[in-house]
Amino acid sequence: MVTAQSVQVAIVGGGMVGMATAIGLAKAGISVAVIDREEPTPASGPADLRVSAINRASELYLRQLGAWPRLPKERVSPYTGMRVWDKDSIGVIEFDARDYHQPDLGHIIENRSIAYALWQQAQSEPKIRCFVGAPQSVAFGEQEAWLTLADGAMLSARLLVAADGANSWLRQQLNVPLTFRDYGHHGLVATVQSSRPHERVARQVFLPQGPLALLPLPDANQCSIVWSLPPEQAQTLTECDAETFCRKISLASEGALGKIEVVSDRMAIPLTMRYARDFVLPRLALVGDAAHTIHPLAGQGVNLGLADSEQLVSVLKEAADRGWDLGDLKVLQRYARPRKAAAQEMIAAMSGFKWLFSGQDPVKKGVRDIGLALVNRMPGLKQKFIAQALGIAASNLR
């Protein structure tokens, strides 16, 4: 007879959001198991293609968890400026951290570096047990839930957390309904070398085909690019010769960084909006991409997931302190309500921006040109935009 190991919370998925949640719960005195297919490995060599723009709120959360100091400084790129413009237009918005008495406006960091720093921190938390492998089955009872792992081991927990990504296995086992919309674009990602230094400025240009972002990396002349394109165009640019690709990027960015050379592989990733109808069920909570995915237009996907994690940790800490059942639906709704509202707001905003800044309709182009120019001249409105990007209250900007 197999005896189940028992914890208070079992998390399926040990990526950035899952491991952050585990550490936060462990620091609150809650016993946690994390199940993931493999251990993370440190980033080395050239920059990975998958990077995230980590805002101030996420930075503060990672510091609170103890993971931020574990990030290798040579692979963390703070950016102090942002420039957003519409191609062939007068419309432009520019932000400078100095205008808001901030040291920076965020950091570009490889996903692998964040995941590894969190994994390292997790190893120092006695309340966390890590299991490598894929869960095989799940069952729910009135008082607890059970997971069977690949090696036959069993785990029981008061609460299961689905942090296993956009194609969440755990979400699928529970048949949680999903709102799904194909954005009709792929995100083309690559690392490029430019003849001009990026000067720690994150740039985004809106093009008829879709937005192109140039995100500054630690090397003064290297950027990670994310270009949202129709699938056939993304595939063509992924497969074309390097000279053609670099010429397209240089033209698209209007020479903002001079001559461009690609220094990595190229990859095209389908862009899809997903939104789970239920973020919680009895003894189940969804976080991060398991609950929602959004367009990368504003680079807020990971920040949205880390905010989920922080909210869930806060709710469960209070529940544990008060002796409440961690898997009770009434407890979990205290997490779900604000996080569903935040996800809905972000999805709606990204859909609106995507509609307004796509295509060459002269009316839409006129609206966005005037809008960008006006916002750039209005300090109060710019302050609200930058506070939203940083994930902090506008009142915290001096």
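Which exposed residues does the face of helix 5 turned away from its buried side carry?

Tutor: This is a predicted model, where local features need pLDDT of at least 70, side-chain atom pairs count only at pLDDT 80 or more, and totals for chains, interfaces and linings use all residues. Residues are numbered from 1 along each chain as its sequence is written, and side-chain values use heavy atoms, with hydrogens and water left out.

That face of helix 5 carries Glu232 and Glu239. Both are exposed (over 50% relative accessible area; buried is under 20%, partly exposed in between, with a 1.4 Å probe and protein chains only). Helix 5 spans residues 231-239. Helices (H or I, at least four residues) and strands (E, at least two) are DSSP runs, numbered from the N terminus.

Now the buried side. Ala234, Leu237 and Thr238 are the buried residues of helix 5. Viewed down the helix 5 axis, they fall within an arc of 105 degrees, so they line one face of the helix. The arc is taken from the directions from the helix axis to the C-beta atoms.

What covers them? The cover over the buried residues of helix 5 includes one helix, helix 6 (242-252). It also includes strand 12 (178-194), strand 15 (222-229) and strand 17 (267-276). Contact here means heavy atoms within 4.5 Å.

Elsewhere, helix 1 (residues 16-27) and helix 7 have axes that come within 9 Å and cross at roughly 25 degrees. Axes are lines fitted to C-alpha atoms, for helices over the stretch in contact, and angles run from 0 to 180 degrees between N-to-C directions.
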